[in-house]
Structure formats: structure tokens, C-alpha cells
Number of protein chains: 2
Amino acid sequence: MFESAEIGHKLSKEEYDAQESILRIQLLEIQEDLKQAPFPVIILIGGVDGAGKGESVNLLHEWMDPHYLQTHAFGAMSDEERERPEAWRFWRVLPPKGRIGIFFGSWYTRPIVDRVYGKTRNIDLDLDLVRINAFEKTLVDEGALIIKFWFHLSKETQALRLNSLTKDPKTRWRVTDTDWQHFKLYDKFRRISERALRTTSTGEAPWLVIEGADKRYRSITMGNYILNSISKRLAASNAPSVTPPNPFIKIENPYTILDTLNLSQSLTEEDYKQQLEKYQGRLNLLYRQAKELGRSVILVFEGWDAAGKGGIIRRVTSALDARDYQVIPIAAPSDEERSHHYLWRFWRYLPRVGRVTIFDRSWYGRVLVERVEGFASESAWMRAYTEIVNFEQQLHDHGTLVLKFWIHIDPEEQLRRFQLRQATPYKHFKITAEDFRNREKWNEYELAANDMLERTGTEFAPWYTIEANDKKFARIKVVKTLCDRLKASFKK
Amino acid sequence: MFESAEIGHKLSKEEYDAQESILRIQLLEIQEDLKQAPFPVIILIGGVDGAGKGESVNLLHEWMDPHYLQTHAFGAMSDEERERPEAWRFWRVLPPKGRIGIFFGSWYTRPIVDRVYGKTRNIDLDLDLVRINAFEKTLVDEGALIIKFWFHLSKETQALRLNSLTKDPKTRWRVTDTDWQHFKLYDKFRRISERALRTTSTGEAPWLVIEGADKRYRSITMGNYILNSISKRLAASNAPSVTPPNPFIKIENPYTILDTLNLSQSLTEEDYKQQLEKYQGRLNLLYRQAKELGRSVILVFEGWDAAGKGGIIRRVTSALDARDYQVIPIAAPSDEERSHHYLWRFWRYLPRVGRVTIFDRSWYGRVLVERVEGFASESAWMRAYTEIVNFEQQLHDHGTLVLKFWIHIDPEEQLRRFQLRQATPYKHFKITAEDFRNREKWNEYELAANDMLERTGTEFAPWYTIEANDKKFARIKVVKTLCDRLKASFKK
């Protein structure tokens with residue numbers, strides 16, 4: 001979940017100034033509308049030390065009308081609090097309808113910290129998270145809007161920040177021993193937070209992870225998200241005297257995880273042939289080893305039309321014995337499939353022990369094409385992230401290796417390939433008018449793909465993004481990744 | 001949850017015959033409507049051995065059109081099944097839209113049995129149940145109707161049944177060693193099933209516990225519930241060509257847990273005085289002991305208007321030091337309370353360590369008056385059972401003793417008391433025209449009270465039903481129960 005918050009998002013001073021002035025006005029306006037609304041707004045601020053949590057809270061107080069905004073910070077428990085159930089300290093300060101409550105530190109802090117310091121086991125953390133979900137659900141069921149921010153810093157950025165603060169005598173005091181102690185636990189903290197965020201990023205109350213390194217970027221992103229969420233919720237509540245939601249300022253061309261891919265990577269024909277032989281040979285050995293160990297493998301391929309999924313899959317399967325694998329191309333569902341739960345058709349095809357199943361498109365259709373084309377309602381695709389992660393968790397728990405590949409090209413390359421298909425008689429069947437129409441929604445698909453990578457990339461079923469403007473490069477990267485992951489899986 | 005399924009429900013042959021003939025026609029008709037419906041129906045059959053699970057499944061096949069009905073029984077796992085995640089065996093046989101799937105044994109069996117035989121711990125069971133809730137939620141979110149039956153037998157009834165089967169040479173074969181082995185684990189099985197049912201009796205997919213001793217009663221109850229559930233779901237789905245739901249056959253004056261109370265119990269003035277002194281003295285000692293141990297106590301009083309709650313509460317509090325207790329009368333919420341979650345006003349009043357808080361009416365208003373008067377939507381009060389149980393679980397986990405009393409009188413006694421209030425000048429203020437109006441909804445309130453007792457009576461926060469036609473009897477029973485429970489709580 002954190003990959004997209006480690007890519008160096010930035011905003012220039014000019015852009016920030018322009019946006020901030022509009023944002024502040026809109027936030028004040030929406031706060032005015034909110035006063036009459038039949039629901040409270042709960043904003044949670046969590047994340048990595050030094051990622052700007054405190055500054056962000058201060059900024060919100062500067063931007064908004066503090067009369068209708070209250071911030072609660074949670075440190076050590078008071079006597080009063082210790083004598084009641086843990087949730088009491090949160091219940092007592094929940095905001096009433098029409099108001100905003102900011103929770104700086106929240107019901108997530110204790111469960112995550114206890115786990116990081118080894119005071120609890122994974123199973124305890126999981127039960128804590130279940131209780132958190134139940135708590136948030138009852139708030140949302142009664143109308144509350146819960147907005148959850150997680151401010152993130154990559155390990156490198158955090159190290160740089162601590163070092164630079166320490167070097168300057170004027171800021172040295174800000175770095176405490178606890179900060180360095182925390183830093184030593186960075187990896188553990190990251191892993192455990194990921195587990196917590198994944199489990200609690202529900203349709204009702206999803207997390208937004210924000211890269212915290214650049215103050216301007218994180219502030220505008222937070223402000224816009226608050227504005228957007230409250231406005232959507234106001235519209236849904238049919239609150240009477242509400243002014244129509246303002247058009248939102250959007251950060252033009254937001255910098256996403258897909259933007260970080262270097263699509264110019266390529267291989268010479270010679271390198272390609274040599275490496276293909278090498279890695280296919282390796283793959284053959286490794287998958288047979290997996291088979292002997294009784295492990296099954298599921299590969300998922302998603303990506304743009306004409307990205308070259310078919311060609312990649314053929315390079316994988318030619319290293320396997322035909323008796324051991326199955327390729328499942330996913331198109332529109334059959335009548336029978338349509339009469340079942342959308343996941344049913346995928347459960348059907350789960351491999352037996354020692355087999356490989358390759359999905360050419362998959363259950364991710366729900367959060368890609370069905371989302372963009374409006375075949376699934378927003379609540380349906382929002383809840384699908386959780387459903388899908390649960391599904392893959394079950395596969396993993398059962399010992400199946402699940403690997404997911406996003407095959408990425410840019411729109412120019414796609415157009416080139418479409419035109420080539422039109423010009424090549426035996427490739428004609430592969431191209432329709434609809435393919436061209438879909439190109440108009442490139443940005444929407446890209447947004448959906450980014451959300452998907454962010455919300456469903458897990459330690460047990462990771463996404464691999466494959467730069468595929470050069471087909472040869474893409475094929476080698478997939479086969480090689482597959483070898484690496486298979487090999488690594490034997491160690492567990 | 002099982003108390004109301006241990007009171008000897010029965011149906012006469014005449015009543016059964018009359019009802020069955022109508023029920024069968026209606027079931028066939030609704031199956032016809034269901035064929036075009038955009039959702040599947042999943043019926044789970046679970047429960048105690050010998051409570052009629054198998055016979056009930058057979059009966060459904062007899063009553064309904066077997067073309068659109070499929071039963072799946074789950075025994076030991078096949079090779080095929082073992083090689084996939086546990087849920088695979090269930091996913092593969094889920095019914096398509098418009099059909100009914102009966103699951104004889106289900107995803108509940110393995111988690112409960114493993115726990116009973118000590119193969120897993122409570123925390124494992126809890127996580128299994130969380131996964132079950134997630135599984136059922138995804139089915140319901142996609143439209144499925146899930147109907148869950150638990151057939152129950154009291155320990156005595158089960159012993160009788162096993163013995164009588166064993167005595168008859170013709171039926172002896174039906175009682176296996178496993179049956180007797182299970183019987184030895186009856187108490188454990190009951191406790192663990194209760195935990196499982198409570199946790200998974202969600203608003204989306206609640207359990208219905210049916211007393212299994214009388215074949216006629218259990219069959220009609222099951223049939224009616226299926227009819228009712230499908231009909232409600234059809235109406236909600238706006239399925240096009242659906243005939244309007246039939247008026248339901250109801251079992252007249254269903255025999256409920258409240259009906260089992262013997263309201264003629266009474267005490268003489270002399271006995272009353274003597275016992276009151278004795279138990280109040282005891283209570284004083286015990287609550288001071290609790291205080292020293294740092295335990296807090298929450299008492300909840302619910303019951304009919306004029307049932308005598310106030311008088312009972314005064315008999316409790318006069319045994320306590322005024323500095324140690326608080327009585328919270330719950331009437332209509334204040335403006336401030338109304339602007340919060342409905343549970344917020346109760347969280348406010350949680351006692352500190354060593355204190356006693358007495359709620360004169362409580363959070364149960366949501367599933368009583370708010371349900372009956374339509375102030376809360378059906379989905380809101382259905383989900384409240386879970387919310388309330390979660391709330392009380394948190395109190396219990398924190399070490400608070402939670403006891404709940406339902407003060408019960410019959411309508412005749414209530415009328416007598418109302419008239420007395422009218423005739424007594426200083427009691428005039430206690431009676432309004434609304435009190436008389438509420439009497440018209442006696443049956444609805446009684447139904448709501450029974451559901452409440454069934455769905456929120458837990459091992460950690462039990463309900464005590466108090467026969468209160470005689471005020472003296474009621475007061476003594478409450479004070480005595482309180483002593484007993486306080487004392488028992490010290491042992492843990």
C-alpha cells in the first residue's frame with residue numbers, strides 16, 4: 001500500500017499558492033454547509049514520524065473555522081480512561097452532527113505499537129483490527145463520515161530528515177532518542193502498519209496514504225480529499241440547505257506509481273534470445289520443484305489493450321508441461337457465471353496442488369473495466385478491494401503462490417500497435433472500433449489501475465509492474481520475476 | 001440464545017395439518033416467483049444432534065419443487081477439496097440466482113467442532129467467525145438471501161431421546177458411539193455454539209434458533225420463516241413479475257420465553273420484610289467487596305410501564321452508599337445526545353472502578369420502543385443487536401459486571417396499576433393517555449422483548465427475567481440475583 005507514497009510527489013510554490021487560496025475558501029464554505037448536516041465528520045491522522053502529521057493538523061486549524069473543529073490528541077491514558085473500556089476515551093470526544101473532530105493518534109495507535117514492540121501477536125492484532133472495523137462500522141451506519149489519512153515517508157527519506165535535523169544545532173532538540181529507536185524498527189513498523197491499513201481500508205472508511213516528504217504536496221492532497229469527501233457525503237445525505245458542491249481543484253496529472261515506470265527500457269534481439277533461454281530453463285526446473293513440494297501457483301495478468309499479455313503468457317507457458325497448467329482468458333461472463341457472485345467464476349478455476357493457473361485478465365475486472373464503465377456501483381467496486389484481498393489471503397493461507405503482473409505501455413505505443421494491427425491482415429481480428437473508443441478513457445483507467453495497485457498490493461500477493469513498450473524487455477522481466485519469486489517461496 | 005428454545009414448544013396435530021396445507025401451496029408459489037428473482041437463496045441447517053436437522057431437510061424437499069432446490073451435505077473433505085482453500089467446497093456449490101441451495105452442515109461445522117474438541121483456541125474460533133462474517137457479507141452484498149437455522153434441544157431432551165432410541169431394538173442402530181460422545185460434550189458444545197451464533201447473527205444474516213423437540217412445531221416454524229424471508233426479500237428487490245406476497249400464516253400466540261414465567265409467584269409481607277433485610281445486608285457487604293477488588297457494576301432495568309422498576313431500583317440502592325452509585329433514568333434523548341450516535345449517551349455514564357451505575361431503561365430502547373414505534377428502521381434495529389452485544393462485550397472484557405433485568409407483568413396487572421394510579425391523586429402524574437395507547441401494541445412489544453432476550457442474552461451479560469405481578473416477589477428476586485451474581489463473579 002505504501003509504494004505509491006514513496007515516489008517523490010512534489011508541488012511547486014506557484015502551484016501551491018494558486019491552489020491553496022481556492023481551497024481555503026472552499027473548505028470554509030463547506031464547513032458552513034456541514035453545520036446543518038445530519039452527520040459528524042471524523043478525521044484520523046496517523047502515519048510515520050516526521051511525515052508531517054502535526055503540521056497538517058495545525059494547517060487544518062489555520063484553514064478552517066476552529067469553532068466547529070476540534071482536535072484530540074491521545075497520549076498515555078489518564079486514570080479516568082484506564083478505569084473504562086479502551087474505546088471510552090474515543091467515544092467521549094466523538095464530534096456531534098455538523099462538526100468535525102480531528103483525531104491525532106487514534107484507535108489504531110495502541111494496536112500497531114503493541115505489535116511492533118512485540119507485546120502482542122499477529123492474531124491479537126487481527127482481533128484488534130476486527131474490533132476497529134466493528135467500531136467504525138457502527139459509526140458509519142449511524143451516518144458518520146470517517147476520513148483516514150496515513151502520512152508516509154520512505155525509509156531513506158526518514159533517515160535523511162533525522163540526520164539533517166540532528167546536524168543543525170537549532171533543530172537538534174526535535175530529534176529524540178525515541179525517534180531513533182522508532183527508526184530502527186522502521187521495517188517492522190511498515191509491515192505491521194500495512195497489515196493494519198489493509199485490513200481496515202473498508203468500503204465504509206478507506207484509508208488515504210499520503211506521501212509526507214513534500215509539505216506543499218501533502219497539504220493540498222489532504223485538503224482536497226477532505227473537501228471532496230465531505231461534499232460527496234453532503235450530496236448523498238440530501239441535507240436541505242446545502243449549496244451545490246463546488247467544482248474541485250484537482251492536481252493536474254497527479255504523479256502516480258505508474259508514472260515512475262521507465263518505459264524506455266528495452267533489450268536487443270540477441271540479449272532477449274539469450275536471456276529467454278536462460279530464464280525459461282530456470283523456470284522449468286523451479287516449477288517442477290514447486291510441484292514436488294505440493295505448491296500451486298496462480299498468475300494474474302492485467303494491463304492495457306495491446307500491451308502484449310498474450311505474448312508474455314506464451315513465453316511463460318512454453319517453459320511448462322501442458323499437463324500442469326491452464327490459461328483462463330477472462331472475457332464477458334457466461335450466462336451461468338452471470339447468475340453467480342462475481343468471484344464464483346474464479347473459484348471454479350483454482351488449481352489443484354502442484355498446478356499453475358494463469359488468468360489472462362481476472363477478478364480485477366471489477367475495479368478496472370466495471371468501475372470505469374459504470375457496470376459496478378461505486379459501493380460495489382469500493383468493497384471489492386476488501387473482497388479481493390480476502391480472496392487472495394485465503395489462497396495464500398492455503399499455500400498457493402499468487403503473483404500479479406500489470407503490463408504497462410503508454411498511449412502512444414498503444415496507438416502504434418493498434419495501427420499496426422489494422423495494417424496487418426492476420427491481426428485484423430484483434431482490433432475493433434471499441435478499442436479506439438476505450439482510449440478516450442485512458443485517464444480514468446489509469447486512475448483505476450493506480451488505485452488497484454495501491455489497495456490490493458499485499459505482502460502475500462504482490463503486484464509487479466512491467467514496463468512493456470518494448471515487448472522483449474517485458475517478457476524477460478516477467479519470466480525472471482517469476483523465477484525469483486518461486487525460488488524465494490521455497491525458503492519459507 | 002438458547003433459552004427460548006428450551007421451553008417445550010408444541011403444535012397439535014390439527015393445527016399442524018391446517019397450517020401445513022396452506023404453507024405448502026405458498027412455498028410452491030413463492031418458489032415460482034423466485035425463479036425470476038435476481039438473487040439466490042442459501043439456507044443453512046445446523047444444530048444439535050437429534051434435533052431434526054435431517055428430517056427438516058427431507059421435509060423441504062417434499063414441500064418444494066426439487067428442480068429448483070439443491071441440498072449439499074458436507075462430510076470429510078475430498079482430495080479435490082483438500083487441495084484448495086477451505087471455502088472452495090462451498091463456493092463451488094453456491095446456488096445461482098433464482099434457486100435455493102440447502103447447506104446441511106456448512107462453514108460453521110469445522111470451526112465449532114475443532115473448538116469443542118480442543119483443536120483450536122477461543123482466539124482461533126473468533127478469527128474463523130470473522131472470516132465467516134466476511135464471507136457471508138460478500139454474498140449478501142451481491143444480493144444473496146441467507147437463512148440460517150439452528151435446531152436446538154435442551155440437555156434433558158437430548159438425553160431422553162438417546163435413551164428411548166437405544167431401548168427400542170428397532171431404532172438402536174440410529175444411536176452411534178459418536179452420538180454419546182457428543183452428548184458428553186453437550187455443555188461445551190452449547191457454550192461454543194452460543195459464541196459462534198452470537199458473533200455471526202448479523203443484521204445481514206441473522207440466525208433463527210428453533211426448538212427441535214416437537215416435529216410439528218419445528219417444521220411449521222421453519223417453513224413459515226423461509227416463506228417470510230423470501231417474500232420480504234422479493235418485495236425489496238422489486239423483481240418485476242412477482243405476485244404480491246401472501247398474507248402469512250402465523251402461529252397464533254406463539255409460545256415464548258416470557259410465556260414460561262409463572263407470574264403468580266408472590267411473597268407474604270412478613271417473608272418479604274425478612275428477606276429484604278437479609279439480602280440487602282448481604283448486598284452491602286458484597287458490593288463493598290467488589291469495590292475493594294476494583295470491579296465496577298452496571299445494572300440494566302427494562303420492562304413494561306408500571307412494572308415496578310422504580311421500586312425495585314430503590315430497594316437496590318438503599319443497600320449502597322450514595323457516593324458509590326448513580327441511577328441514570330433514560331427518557332427521550334437531549335438535543336446534545338440526539339446529535340450523537342445512539343450509544344454515545346450510554347458511554348458517557350460508564351462507572352469508574354468500584355462504582356455502580358444503574359440504568360432505568362437503557363440502550364435497549366433501540367430494539368424495543370424505537371423498533372415498535374418505527375423510530376428506527378428495520379436495518380437499524382437489526383444491526384443494533386450486534387452493536388449492543390459488542391458494547392457489552394467491551395464492558396465485560398474491561399472487568400465490569402453487567403446484569404440485565406427484564407421486569408415482567410401481564411396486561412391485566414398493568415391495567416389494574418394504571419387504574420390505581422388514576423385513582424390515587426399523588427400518583428396521577430405517573431399516568432398519561434399515551435400509556436393507555438401503548439397497551440394496544442402489547443403483542444408487538446412482547447415480540448420485540450422476546451427477540452431482545454434471545455439475541456442479547458450472553459454468558460458475559462445475561463438477562464434475568466423477573467416475575468413482577470407481585471412487587472414484593474420481584475424486589476426480592478432482583479436483590480437476591482444481584483447478590484448471587486456478585487458473589488459468583490469473585491471466583492473468576
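User: What makes B:Arg110 and B:Asp128 a salt bridge?

Analyst: Their closest N and O atoms are 3.3 Å apart. A salt bridge needs a side-chain nitrogen of Lys or Arg within 4 Å of a carboxyl oxygen of Asp or Glu, so the pair qualifies. Please keep in mind that this is a predicted model, in which local features need pLDDT of at least 70, side-chain atom pairs need 80 or more, totals for chains, interfaces and linings use all residues, and side-chain values use heavy atoms without hydrogens or water. For finding your way, residues count from 1 along each chain as its sequence is written, while chains are lettered from A and ligands numbered from 1 in the order in which they are written.

User: Why can we say that the pair B:Arg110 and B:Asp128 ties parts together?

Analyst: B:Arg110 sits in helix α5 (residues 109-116) of chain B and B:Asp128 in helix α6 (residues 122-141) of chain B, so the bridge links parts 18 residues apart in sequence. Helices here are DSSP runs of H or I with at least four residues, strands are runs of E with at least two, and both are numbered from the N terminus.

User: What makes B:Arg361 and B:Asp305 a salt bridge?

Analyst: Their side chains meet at 2.8 Å, N to O, which meets the cut-off above. B:Arg361 is in the loop between β8 and α15 (369-372) of chain B, and B:Asp305 in the loop between β6 (297-303) and α12, so parts 56 residues apart in sequence are tied together. B:Arg361, at 26% relative accessibility, counts as partly exposed, and B:Asp305, at 22%, also counts as partly exposed.

User: Which residues do salt bridges that share partners join into one network?

Analyst: The network joins A:Lys137, A:Asp141, A:Glu142, B:Arg366, B:Glu370, B:Arg383 and B:Glu387. One bridge between the chains pairs B:Arg383 with A:Glu142, whose closest N and O atoms are 3.0 Å apart. Across the interface of chain A and chain B the rule finds ten salt bridges, and over all chains the structure holds 86.

User: How do you know that chain A and chain B are in contact?

Analyst: 46 residues of chain A are in contact with 46 residues of chain B, where contact means heavy atoms within 4.5 Å. The two chains bury about 4,300 Å² between them, 56% of it on carbon and sulfur atoms. Buried area is the accessible area (1.4 Å probe) that two parts lose on being put together, summed over both. In chain A, the residues A:Trp91, A:Trp347 and A:Arg352 lose the most area to chain B, together 16% of what that side buries.

User: How do you know that the length of α20 (residues 471-490) of chain A agrees with that of a helix?

Analyst: The expected span is 1.5 Å times one less than the number of residues. For the 20 residues of α20 in chain A that should be 28 Å, and the end C-alpha atoms are 29 Å apart, so the two agree. Helix α11 (residues 269-292) of chain B, with 24 residues, reaches 34 Å from its first C-alpha to its last, close to the 34 Å expected.

User: What makes the phi of A:Ala306 worth a look?

Analyst: Most residues other than glycine have a negative phi. A:Ala306 has a positive one, near 70°. This residue is found in the loop between β6 (297-303) and α12 (309-317) of chain A and is buried, with a relative accessible area of 10%. A:Arg361 too has a positive phi near 70°, but is partly exposed at 26%.

User: Which residues touch the most other members of the largest nonpolar core?

Analyst: Of its 141 residues, these are A:Phe149, A:Ile230 and B:Trp363. Such a core is a set of buried Ala, Val, Leu, Ile, Met, Phe, Trp, Tyr and Cys residues joined through side-chain atoms within 4.5 Å. Apart from this core lies another, of 105 residues, among them A:Phe301 and B:Leu197.

How values were computed:
Buried < 20%, exposed > 50% of the residue type's maximum accessible area, 1.4 Å probe, protein only.
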